[in-house]
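Open the model in your viewer and keep the selection tool ready. The tour goes from one stop to the next.

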Amino acid sequence: LGGVLALSTFFGAEPANVAPSNQRLRVLVAHGKVDGVVPPTEARRLVECVRRIAPLADVQCKLYDEMGHATCADEVSDLRAFLCSVVERDTRADESKESEESGPLQPTMDSVKGKSMQEMRAMRAGVLKQYLRERGVFVDDCFEKSELLARAL
């Protein structure tokens with residue numbers, strides 16, 4: 001797992017186990033201070049439980065004033081930032097792992113010579129994928145245009 005979102009929720013049973021691979025898990029607990037369905041005290045209990053069963057986990061807790069059992073703009077902004085940071089960290093870890101296993105996957109500037117980054121950003125994803133393949137860049141595991149552009153760096 002890259003991370004966990006716990007949004008206005010209950011933790012469940014106290015005795016829980018965390019797999020060794022998830023001991024350093026990133027967790028964001030988000031809860032409204034005026035939630036009438038799930039009491040805000042449950043968010044605090046959830047944080048305490050996760051910290052107890054996974055002491056190496058990075059647990060953040062965000063409580064939002066005047067938010068009930070719903071969502072608000074601040075929460076959505078925090079969720080986006082958390083998800084982006086999890087994806088960015090996991091992407092860096094994957095690239096590092098792949099680099100150790102099979103050598104560098106990142107092409108050199110010479111391998112994509114002929115097009116500027118601006119020109120590659122303007123390409124449709126399928127065209128960019130083909131362009132990079134023709135230059136010997138491994139892109140079979142890229143599913144988003146942002147991944148292709150990262151390989152072109």
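**Stop 1: a salt bridge**

Select Lys 33 and Asp 65: their side chains meet in a salt bridge, 2.8 Å from N to O. A salt bridge here is a side-chain nitrogen of Lys or Arg within 4 Å of a carboxyl oxygen of Asp or Glu. The pair links distant parts of the chain, 32 residues apart. Lys 33 is in the loop between β2 (26-32) and α1 (40-53), and Asp 65 is in the loop between β3 (58-64) and α2. Helices (H or I, at least four residues) and strands (E, at least two) are DSSP runs, numbered from the N terminus. Lys 33 is partly exposed, at 42% relative accessible area; Asp 65 is exposed, at 55%. Buried means under 20% relative accessible area, exposed over 50%, and partly exposed in between (1.4 Å probe, protein chains only).

This is a predicted model: local features need pLDDT of at least 70, side-chain atom pairs count only at pLDDT 80 or more, and totals for chains, interfaces and linings use all residues. Residues are numbered from 1 along each chain as its sequence is written, and side-chain values use heavy atoms, with hydrogens and water left out.

**Stop 2: further pairs**

The structure holds 6 salt bridges. Select Asp 140 and Arg 133, one of these pairs, at 3.0 Å, N to O. Asp 140 is partly exposed at 46% relative accessibility, and Arg 133 is partly exposed at 38%. Next, select Arg 135 and Glu 134, joined by a salt bridge at 3.5 Å, N to O.

**Stop 3: Glu 75**

Go to helix α2 (residues 73-102) and pick Glu 75. Now show Thr 71: its side chain makes a polar contact with that of Glu 75, at 2.5 Å. Leaving aside residues up to four places away in sequence, Glu 75 touches Leu 7, Ala 30, Tyr 64, Met 67 and Ala 70. Contact means heavy atoms within 4.5 Å.

**Stop 4: Leu 7 and the whole chain**

Leu 7 is in strand β1 (residues 3-7). At 37% relative accessibility, Leu 7 counts as partly exposed. Zoom out to finish. The protein chain has 5 helices and 3 strands, in the pattern β-β-α-β-α-α-α-α along the sequence. Of its 153 residues, 31% are buried.

Definitions and conventions:
A polar contact is a pair of N or O atoms within 3.5 Å; within protein, one must be able to donate a hydrogen and the other to accept it, and residues adjacent in sequence count only if both atoms are side-chain atoms.
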